[in-house]
Amino acid sequence: MGPRSTQPGRSSLHVAIIMDGNGRWAEARGLPRWEGHRAGVTSVRRIVEAAPGHGIDLLTLYAFSSDNWSRPPEEVANLLGLIGEFLESERASCIEQGVRLRVIGSRARLGEPLRHAIAAAETATHAGRTIELRIALDYSSRDTILAATRRLARTRGLTRDDFAQRLNGEGTARCAHRDVDLLIRTGGEQRLSDFLLWECAYAELFFTPTMWPDFGPGDLAAAMAEFRRRQRRFGAVQALPIAVGALTEHWLH
């Protein structure tokens, strides 16, 4: 699916969020970093519940990047444990609210209990139609693109759409491709950090200093209001005057 215009009120938006600032939020309060990650789980619940009201039917959350393995082992273990707990504890709520849960990223380095929790959550919520929640876990966009390139290197007549649809291949949930309409990053940093690089080619970017545990429905509403104010051209411009258009035709033919 290539770039497409977005009109206010259209109920088919893909929003991606880099949930940054959990550790700093905890440290500022004299708490261990894992307490920030636990507080961040509450924000996930709030945002998933609020998202459909803004026309969001696909929400992708960056939970754990492939580079996060370099963090202290205790923090990694606590973070992955929280993700497993979330998948198990929220399963019934997701079913009730029509949330379809999917996990993207590599599962090879995850422990068996977490892989089982992922599979169980995806199976149990398969019928959800209100919103699809994708959690990026052990995810690297560059690795995903590289793997797809290797698989498709000898494919003839490959188009952008063909490539995009086959980005999610081995080692990750096979999800239909959707370009990101709005990327939100909390915590004050202003970079993509190897997250959905292909899908964010024409995404609107929204950066906020608010730490993820403090990010709530009001913050999401503010981000969506800013998104609605922006004019999305996808590389095009408004129609040029006829005289200029004629001059352009001269040099193109």
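The model is predicted: local features need pLDDT of at least 70, side-chain atom pairs count only at pLDDT 80 or more, and totals for chains, interfaces and linings use all residues. Residues are numbered from 1 along each chain as its sequence is written, and side-chain values use heavy atoms, with hydrogens and water left out.

The protein chain holds nine helices and six strands. These elements are DSSP runs, numbered from the N terminus: helices are H or I runs of at least four residues, and strands are E runs of at least two. Of the 253 residues in the chain, 46% are buried. Buried means under 20% relative accessible area, exposed means over 50%, and partly exposed lies in between, with a 1.4 Å probe and protein chains only. Contact means heavy atoms within 4.5 Å. Among contacts between residues at least 6 apart in sequence, 75% join residues at least 24 apart.

Six strands form an open sheet with parallel pairing. Their order is S3-S4-S2-S1-S5-S6. Two strands pair if DSSP finds at least two bridges between them. Strand S3 (99-104) and strand S6 (204-207) are the edge strands, and each pairs on one side only. From one strand to the next, the twist averages 20°.

Strand S2 (residues 56-65) is mostly covered, with nine of its 10 residues buried. Seven bridges join S2 to strand S4 (residues 131-139), and the two run parallel. Strand S1 (residues 13-18) also pairs with S2 in the parallel sense, over six bridges. Leu58 of S2 is the bridge partner of His14. Leu58 also stands opposite Glu132 in S4. Further along, Leu61 has Ile135 in S4 as its bridge partner. In a regular strand, side chains alternate between the two faces of the sheet.

Helix H3 (residues 73-89) lies across S2, S3 and S4. H3 runs at about 150° to S2. Axes are lines fitted to C-alpha atoms, for helices over the stretch in contact, and angles run from 0 to 180 degrees between N-to-C directions.

H3 also packs against helix H2 (residues 33-50), at an angle of about 25° and with the axes 10 Å apart. That angle makes H2 roughly parallel to H3. Angles under 35 degrees count as roughly parallel, over 145 as roughly antiparallel, 65 to 115 as roughly perpendicular, and the rest as oblique. The crossing of H2 and H3 is right-handed. A crossing is right-handed if the near helix is turned clockwise from the far one by less than a right angle, and left-handed if anticlockwise.

On the H2 side, the contact involves Arg33, Trp34, His37, Arg38, Val41, Val44 and Arg45. On the H3 side, the partners are Glu75, Asn78, Leu79, Leu82, Glu85, Phe86 and Ser89. By class, this contact has six nonpolar, three polar and five charged residues. Ala, Val, Leu, Ile, Met, Phe, Trp, Tyr, Cys and Pro count as nonpolar, Asp, Glu, Lys and Arg as charged, and the others, Gly among them, as polar.

Two residues of this contact can be described further. His37 is found in H2. His37 is buried, with a relative accessible area of 7%. Not counting residues up to four places away in sequence, His37 touches Asn22, Arg71, Glu75, Leu79 and Leu82. Glu85 sits in H3. Glu85 is partly exposed, at a relative accessible area of 41%. The C-alpha atoms of Glu85 and Val41 are separated by 9.9 Å, and the two residues lie 44 residues apart along the chain.
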